[in-house]
Amino acid sequence: MEVFYYLVFGGLAAVAAVMELSKTSKDRIATSSAFNAFKNNYCLVYSLMMAGDWMQGPYVYYLYSQYGFDKGDIGRLFIAGFGSSMLFGTIVGSLADKRGRKRACITYCITYILSCITKHSPQYKVLMLGRILGGIATSLLFSAFESWLVAEHNKRGFDSQWLSVIFSKAIFLGNGLIAIVSGLFANLLADNLGFGPVAPFDAAACLLGIGMAIILSSWSENYGDPSNSKDLITQFKGAAAAIAADEIIALLGAIQSLFEGSMYTFVFLWTPALSPNDEDIPHGFIFATLMLSSMLGSSIASRLMARSALKVEFYMQIVFAVSAFTLLLPLISNFFVAPSAVKGGSISFSGCVQLLGFCVFEACIGIFWPSMMKMRSQYIPEESRSTIMNFFRIPLNIFVCIILYNVNAFPISIMFGMCSIFLFMASVLQRRLMVVAETHKSKPHDWTALKEKDSESDMLSIQI
């Protein structure tokens, strides 16, 4: 393996270690022992859930290519996953609010384990089924667990400020440290030990099974609005009414869609971007390096959120702007460095520059996750939290499906340029969110009023 990869990984590791070890009392929030036990339990489960997801990350594209599918075929498989998340995500989110968030988390484990099993088949239809199951699981991963956490946190009477502690720690571990270990372990299984690219998926299924056992034994159930009088359509209408009535919730949804859409497009494109001529690159090690950057970002986020005077709504403008610049690098590098036509070999100079930019982008992702979680906990109403969060994923999945469907129509650099534009738009919308939040010092949503208005409308329709 080239020295360059070690230098990048070692440099990021050193910076991350300094960031963590140099924290002072100003960078930490004092909490109780009961809260710490609750936090540790959730972070353990979340880490196992994310490990099951991250183990698959470096080898999804590679496995499909080893089965003989080209970029267009692989793009359609990815579209199936995002399309499944779009079609079924809101339904499973509403069921989580109504039938229980714990049940939804268990459903995530079962669904994703089945998705991992399908990777043993080289049949396109079986792989397509796996992507559909994976799309459903992804919707649950990014809604049910957070919804359960916020509801359980409030039910136990913990300080609302302490939520940021869990968010930053969960992302530091689950989206950082665990992702790094998962990438290295996946590389060990698939390459060093020679078990092949399907081995990481088997390991992921085992980790998901362990996490499910912990959930079954230690988590209590909680709900959004368990009222039997409300069917799924009524829940959808209530969630849509909350989004339409509150500009901040609508802005959050737009920002999340723009950023995550760019992020998921990046997940698909980073492999061909770094090896456009089939250069020999260590997928697992590069993945671990990117996740180390994400961990560094979450460490920065924990410091930022510990300072009450520094508002999340403010610094996220800068994060989105930096993200926009980093995804412009593939386009910029094409102007200054002529693309090589030589097949194989090691990573090019342009690839090295892009990898450094991708590391900065991953650091921005590390800041994004806990910061967005904090904003969602402040502004999204509890009664329909999972439903609204999955509503946010509808435009996200439409955007990604459109990008992937046209993956062969544009050069990779142009697609990165499009993502950069969307990230700049997210920065502009974040500015608007900050202005609206400052204008309305009180909580921007009034879910009780919305429910009463909805009930009055139902009574009126009954009378008519």
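**Surface patch, helix face and aromatic pair**

Author: Leu 177, Val 181, Phe 185, Leu 188, Leu 193 and Phe 195 form a nonpolar patch on the surface, together exposing about 540 Å² of accessible area. The model is predicted: local features need pLDDT of at least 70, side-chain atom pairs count only at pLDDT 80 or more, and totals for chains, interfaces and linings use all residues. Residues are numbered from 1 along each chain as its sequence is written, and side-chain values use heavy atoms, with hydrogens and water left out.

Reader: Why is Phe 195 called exposed?

Author: Its relative accessible area is 53%, and exposed means over 50% (buried is under 20%, partly exposed in between; 1.4 Å probe, protein chains only). Phe 195 therefore counts as exposed. This residue lies in the loop between α8 (163–192) and α9 (199–218).

Reader: How do you know that the buried residues of α14 line one face of the helix?

Author: In α14 (residues 329–336), Leu 329, Pro 330 and Ser 333 are buried. Viewed down the axis of α14, they fall within an arc of 95°, so they line one face. They pack against α13 (312–326), α15 (349–379) and α17 (412–439).

Reader: What makes the pair of Phe 158 and Trp 162 tilted?

Author: Rings of Phe, Tyr and Trp (its six-membered ring) pair if their centres lie within 6.5 Å; planes under 30 degrees apart count as stacked, over 60 as edge-to-face and the rest as tilted. The count comes to 27 aromatic pairs. For Phe 158 and Trp 162 the centres are 6.2 Å apart and the planes at 35°, so the pair is tilted. Both residues are buried.

Conventions: Patches are made of residues with over 30% relative accessible area and no salt bridge: like charges are joined within 9 Å, nonpolar side chains (Val, Leu, Ile, Met, Phe, Trp, Tyr) within 5 Å. Accessible areas come from the Shrake-Rupley method with a 1.4 Å probe; for residues, only the protein chains shown count as cover. A salt bridge is a side-chain nitrogen of Lys or Arg within 4 Å of a carboxyl oxygen of Asp or Glu. Helices (H or I, at least four residues) and strands (E, at least two) are DSSP runs, numbered from the N terminus. The arc is that of the directions from the helix axis to the C-beta atoms. Contact means heavy atoms within 4.5 Å.
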